[in-house]
Amino acid sequence: MIHEIVIQQVAPEKRDEYIKVFGEFLTKANYAGSHGIKFFTSIEDPSRVILAIEWDSVEAHTRHRGTPTHNAMREMTAKYQTAKSDGAHFIAQVVKS
């Protein structure tokens, strides 16, 4: 299991709407190989949002790139973002659960 972690900047007054719309889109897209989806909202910086998605593998995530569904998602989220997203794939190193 890998984790896609994406740091995003959105207009603070649109943050809740962004999470609702984006979350609904991801749920409906039901990308094969994706599992848990979480948004983290910053307390100190209301424009900062972190998206975390669990994937079976990097390949499971990247095979959706460029599809009509993925392109529609990118177009939809761009309306809310105020800066380019910063993301990568990670393996969790659990210290305590």
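Biologist: Is Lys-14 buried, partly exposed or exposed?

Modeller: Start with the general idea: buried means under 20% relative accessible area, exposed over 50%, and partly exposed in between (1.4 Å probe, protein chains only). Lys-14 has a relative accessible area of 37%, so Lys-14 is partly exposed. Bear in mind that this is a predicted model, where local features need pLDDT of at least 70, side-chain atom pairs count only at pLDDT 80 or more, and totals for chains, interfaces and linings use all residues. Residues are numbered from 1 along each chain as its sequence is written, and side-chain values use heavy atoms, with hydrogens and water left out.

Biologist: Which residue forms a salt bridge with Lys-14?

Modeller: A salt bridge here is a side-chain nitrogen of Lys or Arg within 4 Å of a carboxyl oxygen of Asp or Glu. For Lys-14 the partner is Glu-17, with the closest N and O atoms 3.8 Å apart. Glu-17 counts as partly exposed too, at 38% relative accessibility.

Biologist: How many salt bridges does the count come to?

Modeller: Two. Lys-20 and Glu-24 also meet in one, at 2.9 Å from N to O. Both sit in helix α1 (residues 15-29), four residues apart, which is about one turn of the helix. Lys-20 is exposed at 52%, while Glu-24 is partly exposed at 38%.

Biologist: And what pattern does the protein chain follow along the sequence?

Modeller: Helices (H or I, at least four residues) and strands (E, at least two) are DSSP runs, numbered from the N terminus. Here the pattern reads β-α-β-β-α-α-β, with three helices and four strands.
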